[in-house]
Amino acid sequence: MPEGGPEERQFVRFTRLHRVMHAGMIISFLCLALTGLTLKFSYTGWAVVLSHLLGGFETAGYIHRAAAVVMLAIFVMHLVDLFRLKRREYGTWRALLLGPNSMLPNRRDVAEFAATLKWFVGQGPRPAYGRWTYWEKFDYFAVFWGIAIIGSTGLTLWFPMFFTRLLPGWFINVATIIHSDEALLATGFIFTVHFFNTHLRPEKFPMDITIFTGRMPLEELKRDKPREYEALVASGKLGEKLDQPYPPIVIKTIRAFAWAALAVGFSIVLWILYAMLFAYR
Amino acid sequence: MAPAAPAPVKTGKRVTMFLGLFIALWWTLTQAASPVPPPGATNTASEQNETCLACHGDKGMTTERAGRKVSRFVDAKKFSASIHGSFSCTACHADVEGKDLPHDAPLAPVNCGTCHAGEQEQHARSLHGRAVARGDPLAPRCVDCHGNHEILPVKNPRSAVAPLQVPFVCGRCHREGTPVQRNRPIHQDNILENYSESIHGEGLLKKGLVVTATCASCHTAHLILPHTDPASSIARRNIAATCTRCHAQIEAVHRKTIKGALWEKEANVLPACVDCHQPHKIRKVYYTQGMADADCLRCHANEQLKRSRDGQSLYVGTGELAKSRHAKVACSQCHSEVNASHVRPCETITRPVDCSSCHDEIGQQYVKSTHGQLLGRKDPNAPSCVECHATHGVLGKQDPQSPTFATNIPLLCARCHREGQKAAMRYTGRQHEIIEHYTESIHGKGLLKSGLTVTATCTSCHTAHGVLPRSNPESSVNANNVPATCGRCHHGIQEQFDNSIHAKRAAKSGKELPVCSDCHTAHSIRRADEASFKLEIMDRCGRCHQEIAKTYFETYHGKVSRLGYTKTAKCYDCHGAHDVQAVTDPRSHLSRANVVATCQKCHAGATRRFAGYLTHATHHDPRKYPLLFFTFWGMTALLVGTFVVSGIHTLLWLPRAFQMRRELRAEAEKAARSRAETAVAPPATPAPEENKNA
């Protein structure tokens, strides 16, 4: 599904930094999920094979911690980027956080959510979404929440000697449960709900590679984010946001990477289902 | 066996006169020399005895004992003639004193030891006394040899124990066909017959030499002990002393065979008298071993010699014999039924060789063992001594050529115990492919690959001669005995184990407790530092400690172990292996005093707080671990809630999404058609379907 002819210019939705960070997230998240789940589901034969493939539980542990560091770095990078964005494009936090392109949920999201449910059941038209839909905002804050919860408990487990100077020994057990179950939530959510919402939705099937190329056809912007399109047209800034699409070889490479990530993600979902339904102890 | 006729008398009258004089003189002497009478022996003794004899003097007096009529008649004449004739009845039957007469209850057996303390003490130590103590019904007491009321002085020729009578007293039990000879382990045959034909028997019975050796001369009267007992008068080291009591200076006539100096300096290296002069068969002729064996080999050196009954070869290889452990043992020492007075001495042999004649203790073990029991039942598969030790070529277990040398034992036992062989076929237990497993085990590798002859072989655990099944409480591999059996080599471990909670003594528990083999297995024992052993041991602990093992596997330590890595703590890393104690025990590695140090073995710098980590935590027990339980269910609620909401959202979305997909496709097709017609595609026109031309 090429993104239009080479002569057509496309709308740039994500900056290079965003795309790099998302790719980094994919790699670190998959690494964390694979290495972490081998331990969580150590009672399955899968886990034993995987653990050996990953080079043993100690190597898996190093991979897990390295990936955690990468993910935390991305998290910090994003916060820094927010500061830069505020300085360059918005001027004030108020404009950034309460403006139409804000990630923060607002009253309009509630209205759009209600309108969407109506549309689902055939009681109204499809709402005219803005730059960020409510489910995209939900995904965004799920990652925020996840990194905070999993990251903090993960550090406790990484440095138990340090943390037990402040906390009782049983807190390590509590941290283990939180870390492990929150991770299950994160992997489960990303590999099913997020995959569906962005890639497997019938109208986008099999995948939407906007997050990798940063570009989306103008028609798609008009259809999916009409409010943003209109605002851009109204402000006359649409022209600034257009760029040439990538050559086919780049697109192919991106697709290969995305397919690989999807495949790993779905395998993990199958493994989790198997572990929970058939091998749970 | 008739008593030999007295020596022929030529001048009857003179002898009678001499005999009369002799008896008269002797009688006065014995009367004068009789011991001081005991307290009861006063003038009133005879009066008292009258009272007893009022009843017991009646020849018809009987009582019932165990349903049998027993005579209670006491011959007053014989009694007064006896050596105890001057005593009152109560001197021996002390318990009748003060009783109403006639007494109803039978009197207690007389205790001869009141006066004859020394003799009684010897008897108690002897074979006979020990048999009495065991309650052996065949065991002889004082009265069985000495009689009771008519005991005569030993020098009286009519005494039951006078030299001339001794062979007959002993022979009452120790002759062919008696219950004693048949049912008790007595390794000599035809004792009385052989004795009567020996030089001693001839002297006593044919020539009336009362100074010649009787049974009691060699075996002692009261302290009769088996030759295997070092205290016995016929023990190898004492036999020379026993013989030289009569044969003083016998060394003077043995100069040809024995160097004089050895008699004093190294008496222990000399052959014992009986090595040449067989007991009970001693004759005047001069014996050497070589001669005796040479006699046998006249026939048995012939390779063609066969037994007429079944054609079995009777050839005895002298080369084989010379190299064997028994090189210096004469044929007749094993083939003991031979009779030198026959032309073919072996024709009197009726039984196979009984090795236990010399190897007495081993024989007793063997008889009780499974092998011995099978032989006792005449099972054709039963292994006797020769099955393992061979016959004339028997070698010591220190000889590498011997089938019983350490490195040869597994193959020796495998002859029957390998899968498919006769012993393995009748075996119904759980141990299979024993030989194969043993060969791969640490013991088998140590023995067969590293050549360590001190490694445990089959016999180290099962014993060589007392092999018994595990179910038998006497067995060396019975659960109760396993720690001691393993402890014979692994003593340090046994010491630890014996004090652990797993040891019966320490645990004071009725539950079935593990022994060495429950964790280490019996035949497949591996090195404890092998990864597979380390991982399997947790499941072994879990066989009994099911719940606690399950919770262990819910923690980090357990999960890593499940993945097949040994680096994280396993049961024994924290609880100890052989010295495991209840965690409440101050000696436990996990007691309050020790737990931090135990954690520090892996987690250097661990603190008491750190040691508060719950190593057997489970989030399934709300009472024990409420915090974990509620954390888990809180997280689960969050997880389920999120998935339910987003799941419903997605499902509701699906129909609309499919609808959109259909519309987009239709528009794309329409656009493609119109483009083909017009061949114009203005990029700025708002027609979203145009680019959807995939």
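Student: Among contacts in chain A between residues at least 6 apart in sequence, what percentage join residues at least 24 apart?
Tutor: The figure is 73%. Two residues are in contact if their C-beta atoms, placed from the backbone, lie within 7 Å. This is a predicted model: local features need pLDDT of at least 70, side-chain atom pairs count only at pLDDT 80 or more, and totals for chains, interfaces and linings use all residues. Residues are numbered from 1 along each chain as its sequence is written, with chains lettered from A and ligands numbered from 1 in the order in which they are written.

Student: Where does α36(B) kink?
Tutor: At B:Leu654, by about 35°, shortly before B:Pro655. The bend is the angle between axes fitted to the seven residues ending there and the seven starting there.

Student: Which residues of α36(B) are called buried?
Tutor: B:Leu628, B:Phe632, B:Met635, B:Ser646 and B:Trp653. Buried requires 20 or more other C-beta atoms within 10 Å of the residue's own, placed from the backbone. Their cover includes α5 (107-120) and α8 (170-200) of chain A.

Student: What makes β1(B) and β2(B) a pair?
Tutor: Pairing needs at least two DSSP bridges. Four bridges join these antiparallel strands. B:Arg65 has B:Arg68 as its bridge partner.

Conventions
Helix = DSSP H or I, 4+ residues; strand = E, 2+ residues; numbered from the N terminus. Buried ≥ 20, exposed ≤ 12 C-beta atoms within 10 Å, placed from the backbone.
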